[in-house]
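Let's take a walk through this structure, stopping at a few helices and rings along the way. Have the model open and follow along.

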Amino acid sequence: MEGLLQSRGGGVALLPAAARPRRRSQLSGQLRASLRGGVRQLISVDDLRLTRGDAVVGADDHHVVNNGRAPEAGVDGAAAGVEVEKLRAVAEAAADRAEMHDIIGRQRDNWNHLLLHSTNSLALAASVMAALAPAAPSVVALKASAGVLLATAAVTMAAVNKIQPSQLAEEQRNATRLWRQLERDVRAVLDQKTTPLTKADVQDAMDRVLALDAAYPLPLLPGMLDKFPKTVEPTRWWPRRQLKKKPAQSPKTIINGARRGATAGNGWTQELEEEMRGIVRVLKAKDEHEYVSNGKLALRLNRGLAVAGPALAGTAAVAAAFIGAGEVGTWASGVAVLGGALAAAVNTVEHGGQVGMVFELFRNVAGFYRKIQEDIEANLDEADVEQRENGEVFETKVALLLGRNTSDLRQFREMASPSFKDEDITDFAGKLF
């Protein structure tokens, strides 16, 4: 005999149950009948009570309703999970790119050192042979060897000057830093629990990946960046922002020819906006202009050295062919010696001094200041201050990027005024570089 426990005023009674049915359906029917027959409370009310708010899973479909929420909540959660997986894929790709650029950067730095010493050794050894050839009994062998070595040095210099290994190494070093920064930013977004991820977050990360790939390509040939561009522009490794239509400005928003700041809120004030506008103006007139000008000087120097080295080595190789030919042979020996020595000196200045790396460094720093300008302008162009980044936090970030204290930024307020001329700006905004 089996029984059911029934509670009556604290007492417990044993109820006789029907015989075990042969089929489960019969047992279910008897249980429902017994429940309708007046069994008030069974072993555990919570175990047998089924309410509309509890989770119900249909046998023929997979729609889940939790505590009265609509099925769309589950769909939104699944969509958010997909976006999370996409951002994780972006983070993994950024980490992988950073590792590849780091390895290639070290390899190309080794190229610079190895090719520098090898080319100089060829040129100097050929110069010694050219000097000894007129007095040596085997003049033909020495002048032939000197000519071959000088020709090899000329070809090697031309190839190395074309790819600029020191500049390639600097590109990869900067790319490694930026890829690691992108990975940290993506993982920081993933760690945020306050706001759900959207497709816009994934698209922003993808745009940054594509911009970095375009700014610092991995292939050497083809796809390598032009090492001697016609115009010098700051390096751009971030996506171009889409310009929004600015709302029409009422006369009340214009003060002394400048647009007045938005209503205070979210850490933004009119004084802070004036500081940011002054910083943008100084960055454009002084900092970015300074590094672009220096980049042009470095480019002109590098272009001159890149032409002079192979030209001197080639001239020395031609002169070596006339060693031992009467009076001309004496002059030819001197030209070969001098040309080889000068070619080694020029090669040392260009690649030992890493002029290509210096040019790339100037471009990267100019791009660094250009990015700060665009970040500030993107916040100022947003009319709704609640949609901007918090003003106090943004001010701290800008101060850190410029290598200044936040209190130092107040001096740039007056520079936002149209009455303040660019010629009157004497100080640079950035102190970091």
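Before we start, helices here are DSSP runs of H or I with at least four residues, numbered from the N terminus. Their axes are lines fitted to C-alpha atoms over the stretch in contact, and angles run from 0 to 180 degrees between N-to-C directions. What you're looking at is a predicted model, where local features need pLDDT of at least 70, side-chain atom pairs count only at pLDDT 80 or more, and totals for chains, interfaces and linings use all residues. Residues are numbered from 1 along each chain as its sequence is written, and side-chain values use heavy atoms, with hydrogens and water left out.

First stop: helix α5 (residues 165-191) and helix α9 (residues 355-380), whose axes are 7 Å apart and which pack at an angle of about 35 degrees. The crossing of α5 past α9 is right-handed, meaning that the near helix is turned clockwise from the far one by less than a right angle. Among the residues in contact (heavy atoms within 4.5 Å) are Glu170 and Arg173 from α5, along with Phe359 and Arg363 from α9.

Stay on α5 for a moment and find threonine 176. Its relative accessible area is 5%, so it's buried (buried is under 20%, exposed over 50%, partly exposed in between, with a 1.4 Å probe and protein chains only). Setting aside neighbours within four places in sequence, threonine 176 touches Ala98, His101 and Asp102.

Now for the rings. Rings of Phe, Tyr and Trp (its six-membered ring) pair if their centres lie within 6.5 Å; planes under 30 degrees apart are stacked, over 60 edge-to-face, and the rest tilted. The whole structure has 7 aromatic pairs. In one of them, phenylalanine 368 and tyrosine 369 have ring centres 5.5 Å apart and planes at 65 degrees, so they're edge-to-face. Both phenylalanine 368 and tyrosine 369 are buried.

Tyrosine 369 also pairs edge-to-face with phenylalanine 433, at 6.3 Å centre to centre and 85 degrees between the planes. That pair links distant parts of the chain, 64 residues apart: tyrosine 369 is in helix α9, while phenylalanine 433 is in the segment after α10 (391-402). Ring pairs join Tyr291, Phe362, Phe368, Tyr369 and Phe433 in a cluster.

Last stop: the charged end of lysine 286 sits over the ring of phenylalanine 428, 4.9 Å from its centre (the rule asks for NZ of Lys or CZ of Arg within 6 Å of the ring centre and within 35 degrees of the ring normal).

Note on methods: Helix = DSSP H or I, 4+ residues; strand = E, 2+ residues; numbered from the N terminus.
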